Structure formats: structure tokens, C-alpha cells
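Thanks for making time this morning.

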Amino acid sequence: MADATHFVADSFFRTRNMLEAITLGKPVVTSMWLENCGQTSCFIDERKYILRDARKEKELGFSMPISLASACKHPLLLV
């Protein structure tokens with residue numbers, strides 16, 4: 001996970017890899033980001049593709065964009 005730049009998922013699951021990506025502040029994006037990057041043949045701004053799962057975010061009491069922004073400033077895991 002340390003070498004990855006992004007984590008791609010279409011729904012939120014509390015897997016080790018996803019939680020590690022979030023704690024490292026890696027953008028958690030939907031597969032649409034990959035598709036659009038492929039169409040343009042370059043990386044595009046991931047902010048519009050951050051995974052949002054309203055049901056899970058409400059259930060677990062967090063916001064993906066806020067959690068990622070916080071982790072970028074203060075990563076919980078140091079690699």
C-alpha cells in the first residue's frame with residue numbers, strides 16, 4: 001500500500017487495505033476515475049471521484065473527504 005498512489009473501490013468495505021489507504025491519506029476513488037484516466041491517457045484530478053458511501057459514512061460516523069484530508073495532514077501510519 002505504501003507504494004500506491006490511489007485506492008480504487010466502488011463501495012466502502014472495512015478491509016485492511018482500504019483502512020490503510022485512508023490512514024495514509026491515499027485518495028480512495030471510484031473505478032470511474034480509472035476509466036476517465038484511461039480515456040485521457042493521463043492522471044486526472046481525483047477530487048471529483050472520491051468514494052462516497054452515504055449509508056456507511058452515516059453508520060460509522062465519518063466523512064471520507066474529511067478523513068482523507070485529515071490523514072494527509074497527519075498520517076496515522078508512517079511507512
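This is a predicted model: local features need pLDDT of at least 70, side-chain atom pairs count only at pLDDT 80 or more; totals for chains, interfaces and linings use all residues.

Start with helix α1, residues 16-24. Which of its residues are buried? They are Met18, Glu20, Ala21, Ile22, Thr23 and Leu24. What do they pack against? Three elements: β1 at 7-8, β2 at 28-29, and α4 at 64-73. After α1 comes Gly25. Its phi is positive, near 75°.

Now the pairing of α1 with α4. Two packed helices are described by the angle between their axes and the distance between the axes. Here the axes come within 6 Å. They cross at roughly 60°. An angle of 65 to 115 degrees would count as roughly perpendicular, and one under 35 as roughly parallel. The two helices, α1 and α4, are therefore oblique to each other.

Who meets whom? From α1, we have Ile22, Thr23 and Leu24. From α4, they meet Met64, Ser67, Leu68 and Ala71. By class, that contact has five nonpolar residues, two polar ones and no charged ones.

Next, aromatics. How many aromatic pairs does a search of the whole structure find? Two.

Phe12 and Phe62 form a tilted pair. Centre to centre, they are 5.2 Å apart, with 45° between the planes. This pair links distant parts of the chain. Phe12 sits in the loop between β1 and α1. Phe62 sits in the loop between α3, residues 54-60, and α4. They are 50 residues apart. Phe12 counts as buried, at 6% relative accessibility.

Then there are Trp33 and Phe43. Their ring centres are 5.6 Å apart and their planes are at 10°, so this pair is stacked. Trp33 belongs to helix α2, residues 31-40, and Phe43 to the loop between α2 and α3, so the pair ties together parts ten residues apart in sequence. Phe43 is exposed, at 65%.

Last topic: salt bridges. The count comes to five. I'll go through some of them.

An α-helix has 3.6 residues a turn, so residues three or four places apart point the same way. Still, look at the accessibility. Glu20 counts as buried, at 15%. Arg16 is exposed, at 65%.

Arg52 forms a salt bridge with Glu57. Here the closest N and O atoms are 2.8 Å apart. Arg52 is exposed, with a relative accessible area of 52%. Glu57 is buried, at 7%.

In helix α3, Glu59 bridges to Lys56, three residues apart and about one turn of the helix. The closest N and O atoms are 3.9 Å apart. Glu59 is exposed, at 51%. Lys56 is partly exposed, at 22%. What else joins them in a network? Arg55: together, Arg55, Lys56 and Glu59 are linked in a network of salt bridges.

That's the tour. Over to you for questions.

Conventions:
Residues are numbered from 1 along each chain as its sequence is written. Side-chain values use heavy atoms; hydrogens and water are left out. Buried means under 20% relative accessible area, exposed over 50%, partly exposed in between (1.4 Å probe, protein chains only). Helices (H or I, at least four residues) and strands (E, at least two) are DSSP runs, numbered from the N terminus. Contact means heavy atoms within 4.5 Å. Axes are lines fitted to C-alpha atoms, for helices over the stretch in contact, and angles run from 0 to 180 degrees between N-to-C directions. Angles under 35 degrees count as roughly parallel, over 145 as roughly antiparallel, 65 to 115 as roughly perpendicular and the rest as oblique. Ala, Val, Leu, Ile, Met, Phe, Trp, Tyr, Cys and Pro count as nonpolar, Asp, Glu, Lys and Arg as charged, and the others, Gly among them, as polar. Rings of Phe, Tyr and Trp (its six-membered ring) pair if their centres lie within 6.5 Å; planes under 30 degrees apart count as stacked, over 60 as edge-to-face and the rest as tilted. A salt bridge is a side-chain nitrogen of Lys or Arg within 4 Å of a carboxyl oxygen of Asp or Glu.
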